[in-house]
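Open the model in your viewer and follow along. Each stop says what to select and what is there.

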Amino acid sequence: MTITDPFFALDWGTTNLRAWVVGADGRPTAHQEFALGVSRLGPGEAAVRFRDEVRPALGAEGLPTLITGMAGSNIGWLEVPYADCPADARALARGVVAVPGEAPFVGITPGLRGPGVYGPDVMRGEETQLIGWLAQDPARRQGAQVICHPGTHAKWVLAVDGRIERFVTAMTGELFALLTQHSVLKGGEGDADGPAFDDGLKAAGDGAALAARLFTARSRVVGGGGLVAADVRAYLSGLLIGADVASSPPLLDAPADATVSIVGDSKLCAQYQRALAHRGIEARVHDGEGAVLSGLVALFHAVMRQEPHR
């Protein structure tokens, strides 16, 4: 195998699987999504579904495969150890583990581990997206870059000269889901991006005393604070994202004038951009799916350069 070979690229997450056949020029020639996230599979099922369903669906039986995401976790196909920060594409490629007994080659990328703030911090899958975003433009691999990947567990990342130096995880999306589904705040049916989002941004302040600020999503409704039940989701979304934006980036010790690049789902990225603008911080939004695919291409090429052990 060489870096110019076509290959099969998978982003295998907790709830979903995205697959691409990538041509010799690094561009996708086929793409399909499957509702086969690792949380939906039993022990040993990932290997079977890959061989019998995923690979045949795209005619990729004869192609080498590189997989990123939760397939490499302790609930996935094969647990792959974390690589340590700082890390670039070559460092992550050295941590790729070949799945025993698979032919042609099937490799699973490592996650990434950093020192964190109060203890170790980890990511699995986002590192491939980050490497892909860095690979898309040589200018991004020069100097310091602050990158935000919003989601269930939002990641704030400092990259320096093309290496992921450190990162911070905020459970912003998961908190929103828990509070709106299982707390005293549940029941609101409004749009999470409604007009009350901006009121939530203001209520977030500097992000401190979040537990106390969260209760205002109830007290403003029942105590005559001008909020109606249909606005709670938008208010709470603004409050949580606003608190994240205010409190997480300083933990990176990044340059104060750094532009923030937000990489991920367009709608969620737009909310983070809005929250950053509220604080006077310039931010640019970038496509997350394109970055993941670019990362898989960059890592596959780096793995192939490690011949002859493949």
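Rings of Phe, Tyr and Trp (its six-membered ring) pair if their centres lie within 6.5 Å; planes under 30 degrees apart count as stacked, over 60 as edge-to-face and the rest as tilted. By this rule there are 5 aromatic pairs.

This is a predicted model: local features need pLDDT of at least 70, side-chain atom pairs count only at pLDDT 80 or more, and totals for chains, interfaces and linings use all residues. Residues are numbered from 1 along each chain as its sequence is written, and side-chain values use heavy atoms, leaving out hydrogens and water.

Select Phe7 and Phe300. Their rings are stacked, 4.0 Å centre to centre with 5 degrees between the planes. Phe7 lies in strand 1 (residues 7-12) and Phe300 in helix 10 (residues 288-304), so the pair ties together parts 293 residues apart in sequence. Helices (H or I, at least four residues) and strands (E, at least two) are DSSP runs, numbered from the N terminus. Phe7 and Phe300 are buried, meaning under 20% relative accessible area (1.4 Å probe, protein chains only).

Next, select Phe50 and Trp77. This pair is tilted: 5.3 Å centre to centre, 50 degrees between the planes. Both residues are buried.

Now go to strand 13 (residues 260-264) and strand 14 (residues 283-287). They pair in the parallel sense over 5 bridges; strands pair if DSSP finds at least two bridges between them. Val263 has His286 of strand 14 as its bridge partner.

Finally, zoom out. The chain has 10 helices and 14 strands.

Notes. Buried < 20%, exposed > 50% of the residue type's maximum accessible area, 1.4 Å probe, protein only.
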